[in-house]
Amino acid sequence: MNSFLMFFGTGILGIPGALMGVAIAISTVWDATTDPFVGHFSDKTRSRFFGKRHGYLLVGAIMVAVFNILVWSINPGLPIWAKFVLLLTLLLGIETFNTFYSTPYQALGLDLSKSYQDRTLVQNYKTVFSFLSLLVPSLLMIVFLSPTRYATMGASSQGYRDIAIVTSILCIICGLIVFFGTYKHRPIYKPIPNENQEKSKGIITDFFSVVKQKNVGRLILGYAISLSAAAFITSLGLHVFTFTFQFSTNEIPVVMVSLIIGIIVGQPIWYHFSKRTDKVTALIVAIIVVILGILAFGMALAFRNQINPYAVLPLVALTIFICGVGSGCLYSLPISMFADCIDRANRQNNTDKTAVSAGFLTFCTKVSNAFIMFIIGVSLDLIGFRGNQATQSLFVQNMLGFVLVSGVVVACTLALFVYSGYSFSKKDFENN
């Protein structure tokens, strides 16, 4: 969806860019809003056959696959208004069922990892496979989309439909692996002795009851801010690599793969580092690594014309790899720490708010990401970037790099400030 949707809507379906922006924005807000609601319902589900999570996982995986095929099967010959309404409706559907899957899935990971170190290990594995999956769209593009077909306004939509069929099959296969692979461990709702019987007054009340827990609000804020740094690298990076460094279409994947490999390599590094020290210590060190990596990237950018042309790509790939190693920690350890706090609160209060808590975490993260994407878009307009021009002025080239580097540094600095106030240590959890 992230790789192809905008081009598919504007280049294949012929929907104006502004309408595509509206459709994506509405579906993103809807996606964020539904997370805590589905989490709340999952926590309260009492099915003995499906448990609290598995019914949502099964329905979500199947229906996401169905809606995914429908999105990419829209007839380009329909009127623009009909294509817009149909696309928006299908996007709302796919985001709804994606929430059906993703929020209980996140909660299931927290349910099954009960020890202090296991929570980190589960998040490490999830992060590795998450970023491996980012390679799939690029591989399928090579198989199903010819260069002419991809670049031409009147191109056939058949290639996108073929990609949708493959990814939908993968979606169902992975969903079934999760469903059957964890079925015997499915959490079933059981009244807790002396359970807190306080009735929730609504989802807003639930939100404040979650964030006011010790360190939980800090983790939610820090997670949203720290992922903003990664958003700058992934979203603005293509602009910098293309227009500032003027890398070719064969060179840009080298840099992006370096980022993904760095994130994957970082998972065992930060797991073992957190075992030897503490999770918050490892997280702070990782953020410092990201800052050092992006500053090195900034130096390469500033002196790109003085460096041997053959050394620019390896140097940039190396600095982005370092950023990946550091940012890999930002995707896994905060979730592990969040799980520690939620498990502790559930035990202390005799409640189960695992899924609704995970829903609030993803809600805040998606809202933050939407805000950062807005900031990036505004920044591109302010510096005079013109997407219809193959080359940009030297000022725009330099400013693209400046926005990227400064955005990452500011986000990481704020995250350091927030995470440094985290007060729990390993001793507070390792006996649970």
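## Salt bridges, aromatic pairs and a surface patch

Asp343 has 11% relative accessibility and so counts as buried; the classes are buried under 20% relative accessible area, exposed over 50% and partly exposed in between, with a 1.4 Å probe and protein chains only. The model is predicted, so local features need pLDDT of at least 70 and side-chain atom pairs count only at pLDDT 80 or more, while totals for chains, interfaces and linings use all residues. Residues are numbered from 1 along each chain as its sequence is written, and side-chain values use heavy atoms, with hydrogens and water left out.

The side chain of Asp343 meets that of Arg347 in a salt bridge, a term for a side-chain nitrogen of Lys or Arg within 4 Å of a carboxyl oxygen of Asp or Glu. Arg347 and Asp343 are four residues apart in helix α13, about one turn of the helix; helices are DSSP runs (H or I, at least four residues), numbered from the N terminus. Arg347 is partly exposed, at 46% relative accessible area.

| Salt bridge | Closest N to O |
|---|---|
| Arg119 and Asp340 | 2.5 Å |
| Lys279 and Asp340 | 2.8 Å |

Arg119 forms a salt bridge with Asp340. This pair links distant parts of the chain, with Arg119 in helix α5 and Asp340 in helix α13 (residues 309-349), 221 residues apart. Arg119 and Asp340 are both buried.

Asp340 also forms a salt bridge with Lys279. Because Lys279 lies in helix α12 (residues 279-302) and Asp340 in helix α13, the pair ties together parts that are 61 residues apart in sequence. Both Lys279 and Asp340 are buried. Arg119, Lys279, Asp340, Asp343 and Arg347 are linked in a network of salt bridges.

Lys279 also has a polar contact of 3.2 Å with the side chain of Thr120, made by its own side chain. A polar contact is a pair of N or O atoms within 3.5 Å; within protein, one must be able to donate a hydrogen and the other to accept it, and residues adjacent in sequence count only if both atoms are side-chain atoms. Thr120 lies in helix α5 and, at 1% relative accessibility, counts as buried. Leaving aside residues up to four places away in sequence, Thr120 touches Tyr271, Ser274, Lys279, Leu333 and Ser336, contact meaning heavy atoms within 4.5 Å.

There are 17 aromatic pairs in the structure. Phe97 and Phe100 form a tilted pair, 5.5 Å centre to centre with 55 degrees between the planes. Rings of Phe, Tyr and Trp (its six-membered ring) pair if their centres lie within 6.5 Å; planes under 30 degrees apart count as stacked, over 60 as edge-to-face and the rest as tilted. Phe97 and Phe100 are three residues apart in helix α4 (residues 80-112). Phe97 is buried at 18% relative accessible area, whereas Phe100 is partly exposed at 24%. The rings of Phe245 and Phe247 have centres 5.3 Å apart and planes at 15 degrees, so this pair is stacked. Phe245 is buried at 10%, and Phe247 is buried at 9%.

On the surface, a nonpolar patch with about 1000 Å² of accessible area includes Tyr125, Phe129 and Val143. Helices α5 (116-132), α6 (135-144) and α11 (252-276) each supply at least two patch residues. Patches are made of residues with over 30% relative accessible area and no salt bridge, like charges being joined within 9 Å and nonpolar side chains (Val, Leu, Ile, Met, Phe, Trp, Tyr) within 5 Å; accessible areas come from the Shrake-Rupley method with a 1.4 Å probe, and for residues only the protein chains shown count as cover. Val143, in helix α6, is exposed at 59% relative accessibility.
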